[in-house]
Amino acid sequence: MLGPGFGLSPEINAALVSGLGLLVGSFLNVVIYRLPKMMEHQWAAECAELAGNETPTVDKFNLMVPRSRCSSCGHVIRWYENIPLLSYIFLKGKCSTCGTKFGLRYPLIELATGALFFFCAWRWGLTATGLAWCGFSAALLVLAVIDWDTTLLPDDITLPLLWAGMIVSALGWNPSVALSQSLWGGVAGYLSLWLVYWAFKLVTGKEGMGYGDFKLFAALGAWFGWSALVPIILMASVIGAVVGIAMKFSSGLREGGYVPFGPFLAGAGFTAMMFGPQSILRVIGL
């Protein structure tokens, strides 16, 4: 339940936090689109430097500049065209200049972030714990979508998420997970998938997952403790198997027949946050 905040009712407090979530969700759309491209630019510059070539010149591109614009006509999005959900509805999901349709993902990310923030505020109140889980939710959502799009799990998000889990436990903002549990959760999360990776590679000669999956699982271990790792990996595996089979029968698999594992780890992480890690075992009948 929510604690007191601003002298308002718990429901209104949760609604206010969900409004913040909509604004954060708008920014997450920027991160999802731009961070992989920023990584590509960085890799290109590093490769050119190692090869002794001139570093390619590119326009300044980061999370702040240039301003968002239509990919079709280049129209710069004005502030009143970038209000979460409302602008999309008012513009009917189209560019105000050329009429090109914007993807439905944009309002869905905003709506999902708002809903996650509402849940965190409703469960933990307007507290440091509630804000910490809001941050966890935002980071996990970004990682899931980026991995689905690009099969990349950026260190710029996974590593801060890992450290944040330990810091939150150390400060007592996650009362259910002691610092020692968080620490060993991070260690066990990383090493377990690292061992699976090398065992699979030695047997098949192929790479079954990327190092980003190790780091994400370590981050989940830091937030939920080492005892939650088995339920989380089981839930992620079940979700991944179901989705993979469905995509195979619908011919939705990508070239090479792979499905990134990060989104399913994220899905299991959200399940653990909302219902508790042990509830996962009950859901899958263990």
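A residue counts as buried when its relative accessible area is under 20%. By this criterion, eleven of the 14 residues of helix 9 are buried in this predicted model. Helix 9 is therefore largely enclosed by the rest of the structure. The buried residues are Gly262, Pro263, Phe264, Leu265, Ala266, Ala268, Gly269, Phe270, Thr271, Ala272 and Met273. From its first C-alpha to its last, helix 9 reaches 20 Å. This is close to the 20 Å expected at 1.5 Å a residue. Just after the helix, Gly276 takes a positive phi of about 95 degrees.

Helix 9 (residues 262-275) packs with helix 7 (residues 211-224). Two packed helices are described by the angle between their axes and the distance between the axes. Here the angle is about 5 degrees, and the axes lie 10 Å apart. Angles under 35 degrees count as roughly parallel, so helix 7 and helix 9 are roughly parallel to each other. Helix 7 contributes Asp213, Leu216, Phe217, Leu220 and Phe224 to the contact. These residues meet Gly262, Leu265, Gly269, Ala272 and Met273 of helix 9. Of the residues in this contact, seven are nonpolar, two polar and one charged.

Beyond its neighbours within four places in sequence, Ser169 is in contact with Asn174, Val177, Ala178, Leu179, Ser182 and Ala222. One of these partners, Ala222, falls within the residue range of helix 7 (residues 211-224).

Technical notes: Residues are numbered from 1 along each chain as its sequence is written. This is a predicted model: local features need pLDDT of at least 70, side-chain atom pairs count only at pLDDT 80 or more; totals for chains, interfaces and linings use all residues. Side-chain values use heavy atoms; hydrogens and water are left out. Axes are lines fitted to C-alpha atoms, for helices over the stretch in contact, and angles run from 0 to 180 degrees between N-to-C directions. Helices (H or I, at least four residues) and strands (E, at least two) are DSSP runs, numbered from the N terminus. Angles under 35 degrees count as roughly parallel, over 145 as roughly antiparallel, 65 to 115 as roughly perpendicular and the rest as oblique. Contact means heavy atoms within 4.5 Å. Ala, Val, Leu, Ile, Met, Phe, Trp, Tyr, Cys and Pro count as nonpolar, Asp, Glu, Lys and Arg as charged, and the others, Gly among them, as polar. The expected span of a helix is 1.5 Å times one less than its number of residues. Buried means under 20% relative accessible area, exposed over 50%, partly exposed in between (1.4 Å probe, protein chains only).
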